[in-house]
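Please read them against the coordinates.

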Amino acid sequence: MTDLEHQVFTQVRAIISNEEQVIGRRGILIPLKKAIIADGDIRNVIDIVSSDPALAAHMLWRSNSAMNADANRSKNRSLKDALVRLGQVNIYRYAFTFYLKERLDELPQPYKKLVQGYWALTENIASNAVDSLHQMLGVEINPDEVQTLALFSVFGEIIALTAFAYLNAESEESFPLSIIKSLIDNQKQTLTIEAFDSLGLDEELQEEFMIAHNLRQTSNPNSPGLVLRRVLSMRNQLLNPL
């Protein structure tokens, strides 16, 4: 690593460790997280999500998109039905990715275009992973757990590029994109793990992410990470290739 790369690497990591700077202090995420941690009445969670109509519509869409269209189940037509079925952990994961995407849309060019490419890849991986799950027999895996996990497939790359955009916006000198490309190529695992540690995501998500990227093994046949691992392997996206 060159001196300049080391300088940028240090500064990017400092930005990643600042949850407020990366995701923003959204008026929904904080009370939502507190309500989930308190493990209280689901009605409190429903009220919080309902206070943002855009998030509520997104939750309903995500919930229905994870369900098998061929299953003998009707789609969720109410937010309450969707949130009760999702479970509180998946609710927070979906909300987090919703506000993260909103934050990404605020980035200046060329970072916005680059990070949107990563996001398009993420959505495609999530769709493939859910389709793969529905083709599997004899497994008892929640499709929303597969989908929420898959939405973090290239989390490290997205967060690192976002942090680099903030760094360049605040710095007196402009660092070339080739620097962050080199760091993402060579320090992807470190940046990803630090992003998970800094942004307060649940431990189960982090565990399954490690399984999905072949960084940790499991004997659980119903692991969502194993479903995602197959998709990531076919796309050459594993942090630790098979």
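1. The model is predicted, and the totals for linings use all residues, whatever their pLDDT. That applies to the cavity and pocket linings listed here.

2. How many cavities of 30 Å³ or more does a search of the whole structure find? The search returns one. The volume of the largest cavity is about 30 Å³.

3. Around the largest cavity sit Arg93, Glu145, Leu149, Glu204, Leu205, Glu208 and Pro224. Sorted by class, this lining holds four charged and three nonpolar residues, with no polar ones. Two helices, α9 (143–150) and α12 (203–212), each contribute at least two residues to the lining. The most comes from α12, which supplies three residues.

4. The largest pocket holds about 200 Å³ of space. Its lining consists of 13 residues, and those nearest the centre of the pocket are Tyr118, Ile180, Lys181, Ile184 and Asp185. Two or more lining residues come from each of α8 (111–134), α10 (155–170) and α11 (177–198).

5. Which element gives the largest share of the lining of the largest pocket? It is α11, with seven residues. By class, the pocket lining divides into seven nonpolar, four charged and two polar residues.

6. Helix α7 (residues 88–104) packs with α8: their axes come within 10 Å and cross at roughly 150°. Angles over 145 degrees count as roughly antiparallel, and α7 and α8 are therefore roughly antiparallel to each other. On the α7 side the contact is made by Thr97, Leu100, Lys101 and Leu104, and on the α8 side by Lys112, Val115 and Trp119. These residues are four nonpolar, two charged and one polar.

7. The second pair is α5 (residues 53–66) with α7, where the axes lie 10 Å apart at an angle of about 120°. The 65 to 115 degree range counts as roughly perpendicular, and at their angle α5 and α7 are therefore oblique to each other. The crossing of α5 past α7 is right-handed.

8. In the contact between α5 and α7, α5 provides Ala54, Leu55, His58, Met59, Arg62 and Ala66, while α7 provides Ile91, Tyr94, Ala95, Phe98 and Tyr99. Nine of the residues in this contact are nonpolar, one is polar and one is charged.

Key:
Residues numbered from 1 in each chain as written. Predicted model: local features only at pLDDT ≥ 70, side-chain atom pairs only at ≥ 80, totals over all residues. Heavy atoms only, no water. 1 Å grid on protein atoms, 1.4 Å probe; cavity = no way out; pocket = protein on both sides within 12 Å on 5 of 7 lines; lining within 4 Å. Points joined across faces, edges and corners; volume = space filled by probe spheres on them. Helix = DSSP H or I, 4+ residues; strand = E, 2+ residues; numbered from the N terminus. Nonpolar A, V, L, I, M, F, W, Y, C, P; charged D, E, K, R; others polar. Axes fitted to C-alpha atoms, helices over the stretch in contact; angles between N-to-C directions. Parallel < 35°, antiparallel > 145°, perpendicular 65-115°, else oblique. Contact = heavy atoms within 4.5 Å. Left-handed = near helix turned anticlockwise from the far one by under 90°.
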